[in-house]
Amino acid sequence: MADVVRMGVVGAGSIAVRGILPHLALSDVQDRVQLQAVCDPVPGRAEAAAERFGIVHAFSSIDDLLDKGEVDAVSIASPIGLHYEQGKQALDAGKHIHFNKTMTTTVDEADELIDTARRKGLKIVASPGEMLRPHNQRIKELIQEGALGTLAWAACGAAFGNYHEKEAVRQGEDVLSNIDPSWYYRKPGGGPLYDMTVYALHGLTGVLGAAKRVTAMSGVRVPEREFRGQMVPCDADDNTFMVLDFGKSLYAFVYGATAGRVTEGFAGSYFGTKGSIVGVKLNDKPFDYPGRELAESDRSGRQWLLPHVVGEHRDIGEQHVYEDVMQLVDWVREDKASIVTAEHARHVIDIIESCYRASETGQTQDLRTTF
Ligand SMILES: NC(=O)c1ccc[n+]([C@@H]2O[C@H](COP(=O)([O-])OP(=O)(O)OC[C@H]3O[C@@H](n4cnc5c(N)ncnc54)[C@H](O)[C@@H]3O)[C@@H](O)[C@H]2O)c1
């Protein structure tokens, strides 16, 4: 078993400040993981984060973090369009990686990272770990057991709304609370598919397996957004609707929309000849899954059922992100492989990349990956 994993956090924005750093600063994890370094290009932000969370080193670039930070692993928490380049740098420097969703924006990039990691004996955990959730595992079993008869179709998705403009860490005056969300609306890496629908797609493909083909329509519905009195130009598609083919005429409707929803949270809806699963209900009645009572007892709900979300971690937000970081920590320390794999993430990236290509060309696209 390896000693304590020395963790570097790349980007000290919303998810780092609200999720990763407060969880990893708690005393109960210090025997397994230590906050060793943080970097962020906004002047003073990494230093402020280091001071607040007791991190050893603060840098303004990932180059310095990898060179001088004395880290074994990194959690990449920068804008999605930077993840591939930063992941490549980290692997070249011999570091294990946790990617905050989404790992890359193309399959070619994901292939390269997966191959490099394999060659160098490094581990990648690529969020979101939706199949760590007991209710998703139960949905998979129910469908396999025939509870829905012949499964006919499924639906899942998410809407952008104005969640990111409104996050509390973006409304303040100091460097840890005035974090600009503009990248969420710009290419590459912006838009609701990479940031939100990605949860739904991990759940859907975790339950049904790899999809085979995709067709889609997609575009920009809101061309500018207001953030703190400034207009932000938006060129990333914010209104995307796709149909996935899982083979043998089993289809799924998936959306990443500007606003509105027809499914529950990020959960899928599944419809068969003998019944339906919508959210955590089978034929309109809650179904059982391990830990259901605990999940229903708290407002963070099902996040408490994630294996590392215990004790004080239940009082801190973004518990699923902490869980995924700990999946990497366990994997590095105990060689205990996580189910939150880069291969699963690559398949979801394939769906998103191919969906945009389908929309641009008007042609249904074959998917080329499985997991
Ligand atoms: N905000 C959320 O609710 C949330 C939840 C879960 C996961 N995530 C994921 O976490 C990642 C980050 O999202 P966020 O909301 O924290 O974004 P954010 O915009 O709040 O923060 C990103 C940070 O990265 C910094 N940054 C920019 N360029 C950088 C570079 N070259 N090197 C290092 N840092 C750089 C920015 O200065 C900023 O501080 C995304 O992949 C997102 O999908 C976000």
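Predicted model: local features only at pLDDT ≥ 70, side-chain atom pairs only at ≥ 80, totals over all residues.

Residues are numbered from 1 along each chain as its sequence is written, and side-chain values use heavy atoms, with hydrogens and water left out.

**Stop 1: the ligand**

The shell has 32 residues, and D40, R45, K101, Y163 and Y184 come nearest (a residue is near a molecule or strand if one of its heavy atoms lies within 4 Å of it). By type, the shell splits into 15 nonpolar, eight polar and nine charged residues. Here Ala, Val, Leu, Ile, Met, Phe, Trp, Tyr, Cys and Pro count as nonpolar, Asp, Glu, Lys and Arg as charged, and the others, Gly among them, as polar.

Now put some distances on screen. Y163 has a side-chain N or O atom 2.6 Å from a ligand oxygen. For R45, a polar side-chain atom sits 2.7 Å from an oxygen atom of the ligand. With R170, the distance from a side-chain N or O atom to a ligand oxygen is 2.9 Å. Taken alone, the ligand exposes 830 Å², and the protein buries 90% of that (areas come from the Shrake-Rupley method with a 1.4 Å probe; for residues, only the protein chains shown count as cover).

Which helices each supply at least two residues of this shell? Color α1 (14–24), α4 (83–92), α7 (163–166) and α8 (192–208) to see them. The largest share, three residues, comes from α1. Helices (H or I, at least four residues) and strands (E, at least two) are DSSP runs, numbered from the N terminus.

Next, color by domain. Domain 1 (5–129 + 320–339) and domain 2 (130–302 + 346–366) both give residues to the shell, so the ligand lies between them. The domain bounds come from an automatic or database domain assignment.

**Stop 2: the nine-stranded sheet**

Switch to cartoon view. You're looking for an open sheet of nine strands with mixed pairing, in the order β16-β15-β14-β13-β7-β12-β11-β8-β17. At the edges are β16 (285–286) and β17 (365–366), each pairing on one side only. Two strands pair if DSSP finds at least two bridges between them.

Pick β7, residues 151–159: seven of its nine residues are buried (buried means under 20% relative accessible area, exposed over 50%, partly exposed in between, with a 1.4 Å probe and protein chains only). Strand β7 runs antiparallel to β13 (residues 269–272) over four bridges, with L151 partnered by G272. It runs parallel to β12 (residues 251–257), joined by seven bridges, and there C156 stands opposite V254.

Slide over to β8 (residues 213–219), which pairs with β17 in the antiparallel sense over two bridges. R213 has D366 as its bridge partner in β17.

Keep going past β17 to T369, in the segment that follows. Is T369 buried or exposed? Buried, at 8% relative accessible area. Its side chain makes a polar contact of 2.7 Å with the side chain of D350, and another of 3.0 Å joins T369 to the side chain of H347. A polar contact is a pair of N or O atoms within 3.5 Å; within protein, one must be able to donate a hydrogen and the other to accept it, and residues adjacent in sequence count only if both atoms are side-chain atoms.

**Stop 3: a hairpin**

Strands β9 (residues 224–227) and β10 (residues 230–233) pair antiparallel over four bridges, and R225 has V232 as its bridge partner. Two residues lie between the strands, and R228 takes a positive phi near 50°.

**Stop 4**

Go back to K101, from the ligand shell. A cis peptide bond joins K101 to T102, with omega about 0°, and T102 lies in the loop between β5 (96–99) and α5 (107–120). Another cis bond runs from S127 to P128, with omega near 0°.

Finish with two positive phi values in residues other than glycine. E318 has phi near 50° and is buried, at 15% relative accessibility. D335 has phi near 55° and counts as exposed, at 56%. You'll find D335 in the loop between α10 and α11 (342–361).
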